[in-house]
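Work through the exercises below with the coordinates open. Each task is followed by a solution in steps.

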Amino acid sequence: MAKVTLEDIVKRYDGDVLAVDDVSLEIEDGDFVTLVGPSGSGKSTILRMLAGVVTASEGRILFGEKDVTDVPPQERDVAMVFQNYALYPNMTVRENMEFGLKMQGVDADERRASVEDAADLLQIEELLDRDVQQLSGGQQQRVALGRSIVRDPEVFLLDEPLANLDAKLRTEMRATLVELQRELGVTTVYVTHNQIEAMTMSDRVAVLDKGTIQQLAAPQELYRNPANQFVADFIGTPSMNFLDVETFHENGAVRLANAVFDIEVPVDTVAGSAIRDATTDGGAYTLGIRPQNLLVSEHGTTDGELAGQIEVVVVETAGDELILHLEENDIRVKAVVDEDMDIEHGDVVDVTIDPANIHLFDPTTGDALLR
Ligand code: ADP
């Protein structure tokens, strides 16, 4: 097992594509860290540099104290699992799992013991003598995982390993992987474009965009305190609502307003005092509010401070909740409400917003202002 360190890593591919732009990252021994971001953000390139199959243009990679930047893949103690796990088709599960060990010259007894331990962990003992072509997708993915863990690697690298599985299996395999990683205690770097996988599986998540880390934090911290608008937008479903607002300071409160919403934020709250200090009258800001934090009630029933009134244009049913699309004066937001709320399109609803739940961003840089 090893701590993994990336120091000022840059990767330029031929043709001058800047795929990774000065990434530094420390992954503690035994941690599960996920790299998440849209397609093309540099996730796989970082993983391939850790595996040694892609060479960094600048910077250093350390496993523990050892500089492995120029160490070839076969001399790095890593195991990698891909989306296309490509098992050897004419071999049994056992033969697939022990193939790497055989190549390394490990003797038969030791191979058998390692394979059986891994099969036990992955609950595939009864499949060991089956041909891999007879297995389901989920079983094949377990074999691919087994094939990599029998080698007892220092670092485990996973590139979208669940992408080819159907939704139900994906959820199951998420839990299997987390359990497996805990049991093995192996430093793990996981790549996905799926923020739900990132949020549910990892100790920490690095959100990438255009080859740079936008934020590295524990899942809850990313959700509660996104560092900028990109992270706020990427993490959470449905995505956070963003509204262009102007600020006004009046009677010991600040107000954030646009053509539909007008939110009073008392200055004796954390957000209020931060807004008072960070903003000027008439200043333009981007207000962020999660759909779960737009509190919707029937027209005219709200006591207390109303943030706005707005028309329901679409009602989506999503299990035990409804996702409402609300629109007025070209301003569109989404809200999540309980499934038993009696509401239909065309209704006008009251919206309240607890100022404790708002986010504020600089409209030019996208940086969060209330952290
Ligand atoms: P992700 O895994 O986040 O989808 P990648 O690391 O695959 O991103 O790609 C990052 C950028 O590098 C993209 O612009 C991609 O087109 C480019 N890229 C990836 N691999 C190569 C390559 N072998 N040659 C040239 N450009 C590449």
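**Exercise 1. The open sheet**

In what order do the 5 strands of the open sheet lie, and is the pairing parallel or antiparallel?

Solution. The model is predicted: local features need pLDDT of at least 70, side-chain atom pairs count only at pLDDT 80 or more, and totals for chains, interfaces and linings use all residues. Residues are numbered from 1 along each chain as its sequence is written, and side-chain values use heavy atoms, with hydrogens and water left out.

Step 1. Take the strands as DSSP runs (E, at least two residues; helices are H or I, at least four), numbered from the N terminus. Two strands pair if DSSP finds at least two bridges between them.

Step 2. The order is S15-S19-S16-S17-S18, and the pairing is antiparallel.

Step 3. Strand S15 (294–298) and strand S18 (331–338) are the edge strands, each pairing on one side only. From one strand to the next the twist averages 45°.

Step 4. Within the sheet, strand S16 (residues 308–318) and strand S19 (residues 348–353) run antiparallel and are joined by 4 bridges. Ile310 has Val349 in S19 as its bridge partner.

**Exercise 2. Helix H2 against H4 and H3**

Describe how H2 packs on H4 and on H3.

Solution. Step 1. Two packed helices are described by the angle between their axes and the distance between the axes. Axes are lines fitted to C-alpha atoms, for helices over the stretch in contact, and angles run from 0 to 180 degrees between N-to-C directions.

Step 1. Helix H2 (residues 93–103) and helix H4 (residues 137–149) pack at about 30°, with axes 7 Å apart. H2 and H4 are therefore roughly parallel (under 35 degrees; over 145 is roughly antiparallel, 65 to 115 roughly perpendicular, the rest oblique).

Step 2. H2 passes H4 in a right-handed crossing (the near helix is turned clockwise from the far one by less than a right angle; anticlockwise is left-handed).

Step 3. Val93, Asn96 and Met97 of H2 meet Val143, Gly146 and Arg147 of H4, where contact means heavy atoms within 4.5 Å. These residues divide into 3 nonpolar, 2 polar and 1 charged (nonpolar: Ala, Val, Leu, Ile, Met, Phe, Trp, Tyr, Cys and Pro; charged: Asp, Glu, Lys and Arg; polar: the others, Gly among them).

Step 4. H2 and helix H3 (residues 108–122) pack at about 130°, with axes 10 Å apart. That makes H2 oblique to H3. H2 passes H3 in a right-handed crossing.

Step 5. The contact includes Arg94, Glu98 and Lys102 of H2, and Arg111, Arg112 and Glu116 of H3. By class, the contact of H2 with H3 has 5 nonpolar, 1 polar and 6 charged residues.

**Exercise 3. Helices H4 and H5**

What are the angle and axis distance for H4 and H5?

Solution. Step 1. H4 and helix H5 (residues 167–184) pack at about 20°, with their axes 11 Å apart. That makes H4 roughly parallel to H5.

Step 1. Among the contact residues are Leu145 and Ile149 of H4, and Leu169, Leu177 and Leu180 of H5. The classes for H4 with H5 are 7 nonpolar, 3 polar and 1 charged.
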